[in-house]
Amino acid sequence: MASLNVYSVLVVLFLTCGAVMATKENDQIIKENNCETKMGFPCVLEAFTSIFETGSISNKCCGELFVLGKFCHSALVKRTLENPLFKYVSPATIIAQSIQTWSNCLALIDSPSPSA
């Protein structure tokens, strides 16, 4: 349960405090596209965990990630990496995991659902 609290704090930082340290380009993309309002908190937590830790993302949250859009997804990940709390993570690894999460969700959304 303590790890959930840690993730919650990190997600809140991901959504709020990172704005102060964001590059103008990422900050502008995020503001212009209302990126921070397009996903519910539980899905933000799932996406964050699948990118920054080891976890999976549900079909429901993949749908929300898809609505968020690749442009917002990339800008939010890059802004998070600018936060000093993440100075010890490998940006290349995180970006690769971010692309993998996006690709996995895209495959889920594009795959036909079984007939009833």
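These legends walk through a few views of one predicted model.

Local features need pLDDT of at least 70, side-chain atom pairs count only at pLDDT 80 or more, and totals for chains, interfaces and linings use all residues. Residues are numbered from 1 along each chain as its sequence is written, and side-chain values use heavy atoms, with hydrogens and water left out.

View 1. Helices here are DSSP runs of H or I with at least four residues, and strands are runs of E with at least two, numbered from the N terminus. Read from the N terminus, the order is α-α-α-α-α-α-α. Of the 116 residues, 37% are buried (under 20% relative accessible area; exposed is over 50%, partly exposed in between, with a 1.4 Å probe and protein chains only).

**View 2. Helix α4 covers residues 41-52.** Its 12 residues reach 16 Å from first C-alpha to last, close to the 16 Å expected at 1.5 Å a residue (1.5 Å times one less than the number of residues). Nine of the 12 residues are buried, so α4 is largely enclosed by the rest of the structure. Among them are Cys 43, Leu 45, Phe 48 and Phe 52.

**View 3. Leu 108 sits in helix α7, residues 91-110.** What is the relative accessible area of Leu 108? The value is 38%, so Leu 108 is partly exposed.
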